[in-house]
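Colleague: I would like to learn how to read a model of this kind feature by feature. Could you take me through one, giving the general idea before the particular case?

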Amino acid sequence: MQRIVYGIGVGVALVAPPTPQAAVSSEYRQLEAHVHGQAEIGFAVDGDRLVSEFRTPMYSLVGFEYAPQTDTQWQDYNGAVRILGDAVSLFEFGETECSVEKASINEPEFQEANHPHVHGDEHHHDEHADHHDSEARHLDFSVQYEFACENLNQLESIEVGFFEKFKGIEKIEAVFVGESTHVAELTRSRAIFDVVRK
Ligand SMILES: [Zn+2]
C-alpha cells in the first residue's frame with residue numbers, strides 16, 4: 001500500500017509543477033489520506049527558500065476530532081495551534097541556517113456534523129448526520145511553512161519535532177522536491193529526513 005502511495009508521489013513530481021508550493025500541494029492531493037496517528041509533510045526548494053506543508057488529522061494532535069467542548073479540550077486545542085506555529089522548535093536543518101519566514105495554520109472547519117462522537121461509531125445518528133457525508137466528521141490541520149536559507153545546496157537533513165510535541169503522531173510520510181524528488185517515512189525513532197542528491 002505504501003509503495004503505491006510513494007510511486008504516485010514520485011510520478012506526479014516528474015511533471016514539472018509551476019511553483020514549489022504547487023509541487024507540495026500536488027503531492028498532497030496524491031498522498032492525502034486521513035489516518036489517525038499519521039501525518040504528511042512536503043518540502044520544496046525555491047531558490048534560497050524552502051517551503052513546507054504539514055498535514056495531519058486533528059485526532060493525531062489532540063486526541064479528539066470535533067469542536068472542543070471542555071476547558072481542557074480548548075487548552076489542548078490552543079496548545080496544538082501554538083506548537084504548530086512555533087516553527088523554530090519544529091525544524092532543525094543540517095549544514096545550513098534557515099530562518100522562519102512564515103507559519104500559516106489552517107485550522108479545521110467545524111460543522112454541525114463535527115459534534116462529539118466516538119470514531120467508528122456506526123450507531124450514531126441524528127437529524128443532521130443523514131444529510132452529511134460521514135467523511136465530514138473527519139477534520140485535518142494543515143500548516144504552510146516558509147524558510148529563508150543561507151545555502152540550500154548544503155542542506156543535508158531536516159529533523160522534525162512533531163513526534164516530540166505530539167504523542168499521537170506515530171508516522172510522517174515525507175516528500176522532498178528539489179533537483180530530484182525523494183520520499184521517506186519518518187518515525188518516532190527516526191525523525192530525520194536525509195536530503196539525497198544525485
Ligand atoms: Zn478522523
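Predicted model: local features only at pLDDT ≥ 70, side-chain atom pairs only at ≥ 80, totals over all residues.

Colleague: What is the mean pLDDT of the chain, and where is the pLDDT below 50?

Modeller: The mean pLDDT of the chain is 81, with 71% of the residues reaching 70 or more. Over residues 1-17 the pLDDT is below 50, and this stretch has 20 contacts in the model beyond near neighbours in sequence. Residues 121-134 also have a pLDDT below 50, and there the corresponding number of contacts is seven.

Colleague: How many helices and strands does the chain have, and what pattern do they follow along the sequence?

Modeller: The chain has five helices and nine strands, and read along the sequence they give the pattern α-α-β-β-α-α-β-β-β-β-α-β-β-β. Of the contacts with a separation of 6 or more, 66% are between residues 24 or more positions apart.

Colleague: In what order do the six strands of the open sheet lie, and which are its edge strands?

Modeller: As a general idea, the strands of a sheet pair through backbone hydrogen bonds, either parallel or antiparallel. Here six strands form an open sheet in the order S4-S5-S2-S1-S7-S8, with mixed pairing. Its edge strands are S4 (98-106) and S8 (181-187), each of which pairs on one side only, and neighbouring strands are turned by 15° against each other on average, direction ignored. Helix H4 (residues 71-85) lies across S4 and S5, running at about 150° to S4.

Colleague: Which way do the paired strands run, and what is the bridge partner of Glu-40 in S7 and in S2?

Modeller: Strand S1 (residues 38-46) runs parallel to S7, to which seven bridges join it, whereas S1 and S2 pair in the antiparallel sense, also over seven bridges. Glu-40 has Glu-173 as its bridge partner in S7 and Arg-55 as its bridge partner in S2. The hairpin of S1 and S2 has two residues between the strands, and in it Gly-47 takes a positive phi near 65°. Strand S2 (residues 49-57) is in turn joined by nine bridges to strand S5 (residues 140-149), which runs antiparallel to it, and Pro-57 stands opposite Asp-140 in S5.

Colleague: Why is one side of S3 and of S9 left without a neighbour in the sheet?

Modeller: These strands belong to an open sheet of three strands, in the order S3-S6-S9 and with antiparallel pairing. Strand S3 (91-94) and strand S9 (192-194) stand at the edges with a single partner strand each, so one side of each is left without a neighbour in the sheet. Neighbouring strands of this sheet are turned by 20° against each other on average, direction ignored. Four bridges join S3 to the antiparallel strand S6 (residues 157-160), and Glu-92 stands opposite Glu-159 in S6.

Terms used
Residues numbered from 1 in each chain as written. Pairing = 2+ DSSP bridges. Axes fitted to C-alpha atoms, helices over the stretch in contact; angles between N-to-C directions. pLDDT = per-residue confidence, 0-100. Contact = placed C-beta atoms within 7 Å.
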